[in-house]
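Work through these exercises with the structure open beside you. Try each task before you read its solution.

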Amino acid sequence: MNKKSHIIATGAYLPQKIMTNNDLAKVVDTSDEWIRQRTGIISRHIAEGEETTSYMATKAAMQALNNAGLTGRDIDGIVLATATPDMTFPASATTVQDNIGMGDHGFAFDIQAVCSGFIYALSVANNFIVSGQGKRMLVIGSDCLTKLLDWGDRTTCVLFGDGAAAVILEAHEDDGSGRGILSTHLHSEGKHCKLLYTDGGASSTGTIGHIKMAGQDIFRQAVTRMSQAVVEALETNHCSATDIDWLVPHQANIRIIESVAKKLKLPIEKVVVTLSKHGNTSAASIPLALHEAVEDGRIKQNDLLLMEAMGGGLTWGSALVRW
Ligand code: ACO
C-alpha cells in the first residue's frame, strides 16, 4: 500500500519581547494607523539574547513532541526551514537534533526558501515519508528576520517579526480515508531575486546584510503567485474552493490574504489570520497559524486545509492536507 504523511502534532514558540506599532513609531517615522491600514499588523515578537533560530525551533519542536506523546528518539529526520540560521554553518537543524535528544539517530538539515520555507520543508519531508526513508519527520519553520532589518527603513522594518513553529509528520498506510498530505507544489523564478533580498551574504560581502524590498512589486507578485498556487492545488486534486475548510496562508499582509481569498471567492471566515499579532515571521508564519487554529479547535479531523506561500527568490508553493 502507498504511504501517506499525517500531521499528528504541532508546536510553536514566540519570543518574550513584544513590539507594538506604537513602540515602532518611537523608532522610525511611522504610525499605528498607517501600519494597521496598509498591512493589518498590530504587534510583533522580537527575539533577544538566547532566543536564536535553533532555540525557538527547539521550543516549538519540544511542544510538538509533547503534544504527540513522543520523544526525540522517535524522530527519523528534521527539516528546518530558515533564512536566519544561528551560524552560516552547521545547519541549525543539527543543533535542534541534539537539543531534542535524537543523539546520532536519523539526520537533520536546513533548507532556505525564505517565506515559502515551510511549504518547501513540508514537501521535502513528505517525500522522505512517502518513499519509506523515515517513519516520523519533524518539519520546522524558524526565523529571526528582525536581525536582518534596517531599523531606519520604515518601508521594511514595520513588516517582520520572529518566531518558530513545528509539525510532526507520521507515515500511515493509505487506507482510503483520504487523510494526510494530498499534494505539494513548489515553484521559483530567480529572475525576480532583486525584488526582495538581503544586501549581504557569506560569499559576497561577508556580512549578513539588510532586507531590501520593492514593496509594490512584491505585493502584485504575491497575489498572482499565491492565487496560481491555490488553483494548481485544487485542480490537481479535482477540488473546488468550496471544498476548502481552512485556507492557512503565509501571513505577510492582510490585503494580500484578502485579495487571494477574494479571487477564490472564499469567505474570510475560512481563512486563518494571525499576522496582526506576529507580523511576517517568514518560514514560521504558516505553521504558527496552523498551530493556533489546531489548538483553539477550529481545525478538526477530516477538514481540508490549503496552505500557500510566496517569498524571496521568488519562491512559491502550496500544500493540500486532509487533517
Ligand atoms: N509608515 C508610514 N508611511 C510609510 C511607511 C511606514 N512604515 N512605509 C512607507 N510609507 C509611505 C511611503 O513613503 C509612501 O509615501 P509617499 O506617498 O509620500 O511617497 C506612502 O507611504 C505609500 O507607500 P507605498 O509603498 O505606495 O505603500 P503601499 O500601499 O504599497 O504599502 C507595503 C507598502 C505595506 C510594503 C506593501 O507594498 C506590501 O505589503 N508589499 C508586500 C511586502 C511584503 O509582504 N513583503 C514580505 C515578504 S514577501 C511575502 O511575504 C509575500
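Two strands pair if DSSP finds at least two bridges between them. The model used here is predicted.

**Exercise 1. Find which strands pair with strand 12, and in which sense.**

Step 1. Start with strand 11, residues 246-249. Strand 11 and strand 12 pair in the parallel sense, over 4 bridges. Within this pairing, Val 248 has Met 307 of strand 12 as its bridge partner.

Step 2. Turn to strand 13, residues 315-322. Here the sense is antiparallel, and strand 12 and strand 13 share 8 bridges. Arg 322 in strand 13 stands opposite Leu 304.

Step 3. Look at the hairpin of strand 12 and strand 13. It has 3 residues between the strands, and Gly 313 takes a positive phi near 145°.

**Exercise 2. Decide whether strand 12 is enclosed or open, and sort its residues by direction.**

Step 1. Recall the rule. In a regular strand, side chains alternate between the two faces of the sheet.

Step 2. Sort the residues. Leu 304, Leu 306, Glu 308 and Met 310 point one way. Leu 305, Met 307, Ala 309 and Gly 311 point the other way.

Step 3. Apply the cut-off: buried means under 20% relative accessible area.

**Exercise 3. Describe the largest cavity and its lining.**

Step 1. Search the whole structure. There is 1 cavity of 30 Å³ or more. The largest cavity holds about 30 Å³ of space.

Step 2. List the lining: His 6, Ile 7, Arg 179, Gly 180, Val 321, Arg 322 and Trp 323. Strand 1 and strand 13 each supply at least two of the lining residues.

Step 3. Classify them. The lining divides into 3 nonpolar, 2 polar and 2 charged residues.

**Exercise 4. Classify two aromatic pairs by their geometry.**

Step 1. Count first. The whole structure has 4 aromatic pairs.

Step 2. Take Tyr 13 and Tyr 55. Their centres are 5.8 Å apart, with 80° between the planes, and the pair is edge-to-face. Tyr 13 lies in strand 1 and Tyr 55 in helix 3, 42 residues apart, and the pair links distant parts of the chain. Tyr 13 is buried, at 11% relative accessible area. Tyr 55 is partly exposed, at 23%.

Step 3. Take Phe 107 and Phe 109. Their ring centres lie 6.1 Å apart and their planes meet at 15°, so this pair is stacked. Phe 107, Phe 109 and Phe 128 form one aromatic cluster.

Key
Residues numbered from 1 in each chain as written. Predicted model: local features only at pLDDT ≥ 70, side-chain atom pairs only at ≥ 80, totals over all residues. Heavy atoms only, no water. Buried < 20%, exposed > 50% of the residue type's maximum accessible area, 1.4 Å probe, protein only. 1 Å grid on protein atoms, 1.4 Å probe; cavity = no way out; pocket = protein on both sides within 12 Å on 5 of 7 lines; lining within 4 Å. Points joined across faces, edges and corners; volume = space filled by probe spheres on them. Nonpolar A, V, L, I, M, F, W, Y, C, P; charged D, E, K, R; others polar. Phe/Tyr/Trp six-rings, centres within 6.5 Å; stacked < 30°, edge-to-face > 60°.
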